[in-house]
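Please load the sequence and the coordinates before reading on.

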Amino acid sequence: MSLSKPKPVLGYWAIRGFGQPIRFLLKYLQIDYEEKQYECNLEINFKEWDRVKDTLGLAFPNLPYWIDEKVKLTESRAIIKYLAEEYDPSLLPQNSTQRQNANMVDGVVSDIWLHLVSVCYSNSNESIQEYTRIVPKKLHQMSAFMTTLGNPWCLGPKLSYLDFLFYEILYHNLVYNPLILDELPKLTEFMENFEKIPSVAEFIESPEYIKGPCFTVWAKILI
């Protein structure tokens, strides 16, 4: 009698955060996996995660993590790129131009997200000023980049791993500032198109879907 293979495991906080793009991608790829969600609240603090983080065989213990028969990974970008490469390489850049654009876009969307993270976890005047100065400009640049190339998606006519990241980054920013895309119909259309992907739409309507919060309880601005 053969033993069934263990399911891959995604580990992350019970929030959206850096784990949500991975969840979207897993649903899109129709991967049968288990999720270990770690509670984060002011009473238990990091205790649940602290108990196990050094027992999982992770080279760099952190959340999110991904464990399957081949790898034990941390860092959200590494996990997303691995899943794309392993299950659907068409989600990766297909030529030199796409690789160059992917590197640029990855840097831009990461910068947008990190500025929001800084605002929400510090709530300092400096971080808010930096967000106000930088993020709207970068969103306009992303809109122009996609419009100029006639792209419905970040890298062109086909979906890529970056679209899963960018959607979640826009979602976070809309929760923080519901007006931020009012003058950016291209990005609003992008979000609507992403939500219409059948597996994504099904996930959003499922009980597994996490509507919020976006960040942990240690954020000074809770969104």
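D106 is buried, with a relative accessible area of 10%. Buried here means under 20% relative accessible area, exposed means over 50%, and partly exposed lies in between (1.4 Å probe, protein chains only). The model is predicted: local features need pLDDT of at least 70, side-chain atom pairs count only at pLDDT 80 or more, and totals for chains, interfaces and linings use all residues. Residues are numbered from 1 along each chain as its sequence is written, and side-chain values use heavy atoms, with hydrogens and water left out.

Side chains of opposite charge can pair when their charged atoms come close. For R77 and D106, the closest N and O atoms are 2.7 Å apart. This pair links distant parts of the chain, R77 in helix 3 and D106 in helix 4, 29 residues apart. R77 is buried, as is D106.

The side chains of D106 and K81 meet at 4.0 Å, N to O. D106 lies in helix 4 and K81 in helix 3, so this pair ties together parts that are 25 residues apart in sequence. Helices (H or I, at least four residues) and strands (E, at least two) are DSSP runs, numbered from the N terminus. K81 counts as partly exposed, at 34% relative accessibility.

## Salt bridges elsewhere

A search of the whole structure finds 11 salt bridges. One of them joins E35 and R23, with the closest N and O atoms 2.8 Å apart. E35 sits in strand 2 (residues 34–38) and R23 in helix 1 (residues 20–29), so the pair ties together parts that are 12 residues apart in sequence. How accessible are the two partners? E35 is partly exposed, with a relative accessible area of 27%. R23 is buried at 2%.

Helix 1 is largely enclosed by the rest of the structure, because eight of its 10 residues are buried. The buried set is Q20, P21, I22, R23, F24, L25, L26 and L29. Just after helix 1, Q30 takes a positive phi of about 55°.

Helix 3 has 12 residues and reaches 16 Å from its first C-alpha to its last. That is close to the 16 Å expected at 1.5 Å a residue, where the expected span is 1.5 Å times one less than the number of residues. Its buried residues are S76, R77, I79, I80, Y82, L83 and A84. What covers them includes helix 1, strand 3 (65–67), strand 4 (72–74), helix 4 and helix 6 (161–176).

S76 is found in helix 3 (residues 76–87). S76 counts as buried, at 12% relative accessibility. Not counting residues up to four places away in sequence, S76 touches F18, I22 and P64; contact means heavy atoms within 4.5 Å.

## M142 in helix 5

M142 has its place in helix 5 (residues 125–148). M142 is buried, with a relative accessible area of 4%. Leaving aside neighbours within four places in sequence, M142 is in contact with V105, V108, C154 and F166. V108 is 34 residues from M142 along the chain, and their C-alpha atoms are separated by 8.1 Å.

## Pockets

Pockets are found on a 1 Å grid over the protein atoms alone: a cavity is a set of points where a 1.4 Å probe fits but cannot get out, and a pocket is an open set with protein on both sides within 12 Å along at least five of seven lines; lining residues have an atom within 4 Å of a point. The largest pocket holds about 280 Å³ of space. Its lining has 15 residues, of which Y12, W13, F18, N62 and L63 lie nearest its centre. Strand 1 (9–13) and helix 4 (96–122) are the elements that give two or more residues to this lining. The lining divides into 10 nonpolar, four polar and one charged.

The second largest pocket holds about 200 Å³. Grid points are joined across faces, edges and corners, and a volume is the space filled by probe spheres set on the points. Residues lining the second largest pocket include K5, K7, D32, D68, E69, K70 and E86. The lining has four nonpolar, no polar and seven charged residues. Ala, Val, Leu, Ile, Met, Phe, Trp, Tyr, Cys and Pro count as nonpolar, Asp, Glu, Lys and Arg as charged, and the others, Gly among them, as polar.
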